[in-house]
Amino acid sequence: MMKKSYQRRHLRAPLREGLLYADGSYVLKASTLNISEGGILVNHLPSFPEGPRISLMVSIPHMPALKNFNLLKMQTFSKDLFSRRVVRATVELIRREELSQNLDNIFRSRFGLKFLDIDPQDLKVVEDYVQTFSSNLIFLQTLIDSYNTDEDTKVRTRALAGILGYAENEKISQLHSAVTKDYKSLQWL
C-alpha cells in the first residue's frame, strides 16, 4: 500500500491547551493537539456532541520570535509569560480518528474540527500563533542540527525546547525526532 503525502491547505502548529465546548446546556473540557487557520484538532473528547455545529473557546498564547532572544533571556523566559487571547468559534466535525491501537486509547478519538464562524481578529490571532510557532520550530531544528558546536548552542537548544513545550532533558535524538515530526506536520500530512 502506498502512503499518501499531500500538502495541507493551511499551515498548522502544535497547540496543547485546554478547550471548552458546548454540548446542549453543558460546558465540557477537551484538549487540543494542533491548530490552523482552517480548524483545530481536538483530543480527549469522549464523543462528539449531537448537532452539525458546536461552539468552543480556546486560549491561544501570543508567542514572540525566540530567535531574537539572547541566551540569558531565553534561559529566564517561561511560557507562563506569554500573553493570551481567548478565541471563540463555531466549528463542525470534518474528521474522526479512532485511537484504538492499544487498550489505553480504546474509547478515545481525535476530532478534526473546521472553523465555520470565527471573528476575523481571532483568526488573525490563530494565524500569528501558527506563523510564529513555525518560525520558532525551524529555529529549534537549526539549533538541534548544530547541537554539538559549543556549550551555548546546547544550552540554547534545551531552553528553546522547554519554551516550545518539549521536554528539556530529553535525549537529543528523541528531541530531534519529535521536532522533525512536528515540522513535517506543519505543512504535510
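Let's start with a pair of side chains. Arginine 85 forms a salt bridge with aspartate 122, and the closest N and O atoms are 2.7 Å apart. Arginine 85 lies in strand S6, residues 83-98, and aspartate 122 in helix H2, so the pair ties together parts that are 37 residues apart in sequence. Keep in mind that this is a predicted model.

How exposed are the two partners? Arginine 85 is partly exposed, at a relative accessible area of 33%. Aspartate 122 counts as buried, because its relative accessibility is 7% and the cut-off for buried is under 20%.

Stay on helix H2. The helix covers residues 120-145, which makes 26 residues. At 1.5 Å a residue, they should span 38 Å. The end C-alpha atoms are 37 Å apart, which agrees.

What caps the N-terminal end of H2? Aspartate 119 does. One of its side-chain oxygens lies 2.8 Å from the backbone nitrogen of glutamine 121.

Lysine 124 and aspartate 128 both sit in H2, and their side chains meet at 2.9 Å, N to O. They are four residues apart, about one turn of the helix. An α-helix has 3.6 residues a turn, so residues three or four places apart point the same way. Lysine 124 is partly exposed, with a relative accessible area of 43%. Aspartate 128 is partly exposed too, at 31%.

Now, how many salt bridges are there? The count comes to four. Here is another one of them. Aspartate 182 and arginine 16 meet through their side chains, 3.9 Å from N to O. That distance falls within the 4 Å cut-off, so the pair counts. Aspartate 182 lies in helix H4, residues 172-187, and arginine 16 in the loop between strand S1, residues 12-14, and S2. So this bridge ties together parts that are 166 residues apart in sequence.

Buried or exposed, for this pair? Aspartate 182 is buried, at a relative accessible area of 9%. Arginine 16 is exposed, at 52%.

Last, the surface. Which residues make the nonpolar patch of about 310 Å²? Leu20, Val27, Met57 and Val86. Take leucine 20. Its place is in strand S2, residues 18-23. Leucine 20 counts as partly exposed, with 36% relative accessibility. Patch members need over 30%, so leucine 20 passes that cut-off at 36%.

To recap: H2 has an N-terminal cap from aspartate 119, a bridge to strand S6 through aspartate 122, and the pair of lysine 124 and aspartate 128 within the helix. Over to you for discussion.

Conventions:
Residues numbered from 1 in each chain as written. Predicted model: local features only at pLDDT ≥ 70, side-chain atom pairs only at ≥ 80, totals over all residues. Heavy atoms only, no water. Helix = DSSP H or I, 4+ residues; strand = E, 2+ residues; numbered from the N terminus. Expected span 1.5 Å × (residues − 1). Polar contact = N/O pair within 3.5 Å; in protein donor to acceptor, adjacent residues only side chain to side chain. Patch = residues over 30% accessible without salt bridge, like charges linked within 9 Å, V, L, I, M, F, W, Y side chains within 5 Å. Areas by Shrake-Rupley, 256 points an atom, 1.4 Å probe, with all protein chains shown as cover. Buried < 20%, exposed > 50% of the residue type's maximum accessible area, 1.4 Å probe, protein only.
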